[in-house]
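Subject: A structure to look at, with notes

Dear colleague,

Please find below the structure that I promised to hand over, and have it open while you read the notes that follow.

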Amino acid sequence: RSSDLANLAQREPEMLKRWQALSLYQKIGEKNAGKPKFILHDGPPYANGELHLGHAINKTLKDIVVKSRQLSGFDAPYIPGWDCHGLPIEHNVEKKKGKAG
């Protein structure tokens, strides 16, 4: 219903408090424990340069994928990681200092 979406930004804090009070995330994890795993590491948002809109889109898509897998019955915990799409620090050092050897 469209009336359920009214004032969503103002209602979000109370919804989050309710979900936290219900331990909703933990209950979903307990329900799915032992089921097939789905792991998607979520890396630092700006390891490859300046923060930009693409980082927000990537973060949002990863969140949607993990949550949809949770709701589909997979054991899909949120796991922060180092999904940096390469080696940005090493690449920048090599650009400044040259390649070793």
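The largest pocket has a volume of about 420 Å³, where a pocket is an open set of points on a 1 Å grid over the protein atoms alone, at which a 1.4 Å probe fits and which has protein on both sides within 12 Å along at least five of seven lines. The volume is the space filled by probe spheres set on those points, which are joined across faces, edges and corners. Its lining, meaning residues with an atom within 4 Å of a point, includes Leu16, Trp19, Ser23, Leu24, Asp63 and Lys67. Helix 2, helix 3 and helix 4 (53–71) each supply at least two residues of that lining.

Before going further, please keep in mind that this is a predicted model, in which local features need pLDDT of at least 70 and side-chain atom pairs count only at pLDDT 80 or more, while totals for chains, interfaces and linings use all residues. Residues are numbered from 1 along each chain as its sequence is written, and side-chain values use heavy atoms, with hydrogens and water left out.

As for the chain as a whole, it holds five helices and two strands, which follow one another from the N terminus in the order α-α-α-β-α-β-α. Helices (H or I, at least four residues) and strands (E, at least two) are DSSP runs, numbered from the N terminus. Of the 101 residues, 14% count as buried, a word that here stands for under 20% relative accessible area, with exposed being over 50% and partly exposed in between (1.4 Å probe, protein chains only).

Helix 2 covers residues 8–21 and reaches 19 Å from its first C-alpha to its last, close to the 20 Å expected at 1.5 Å a residue; the expected span is 1.5 Å times one less than the number of residues. How many of its 14 residues are buried? The count is zero, and helix 2 is hardly covered.

On either side of this helix you will find a residue to check. Asn7, in the loop between helix 1 (2–5) and helix 2, has a positive phi of about 60° although it is not a glycine, and at 54% relative accessibility Asn7 counts as exposed. Ser23, in the loop between helix 2 and helix 3, is likewise not a glycine and has a positive phi of about 55°; with a relative accessible area of 31%, Ser23 is partly exposed.

Leu16, Trp19, Leu22 and Leu24 form a nonpolar patch on the surface, with about 320 Å² of accessible area together. Such a patch is made of residues with over 30% relative accessible area and no salt bridge, nonpolar side chains (Val, Leu, Ile, Met, Phe, Trp, Tyr) being joined within 5 Å and like charges within 9 Å, and the areas come from the Shrake-Rupley method with a 1.4 Å probe, where only the protein chains shown count as cover for residues. Leu24 belongs to helix 3 (residues 24–32) and is partly exposed at 35%.

Finally, there are two salt bridges, each being a side-chain nitrogen of Lys or Arg within 4 Å of a carboxyl oxygen of Asp or Glu. The side chains of Lys37 and Asp75 meet in one of them (2.9 Å, N to O). Because Lys37 lies in the loop between helix 3 and strand 1 (41–42) and Asp75 in the loop between helix 4 and strand 2 (79–80), the pair ties together parts that are 38 residues apart in sequence. Lys37 is exposed, at 55%, whereas Asp75 is buried, at 14%. Asp63 forms a salt bridge with Lys67, the closest N and O atoms being 2.6 Å apart, and both residues lie in helix 4, four residues apart, about one turn of the helix.

With best wishes
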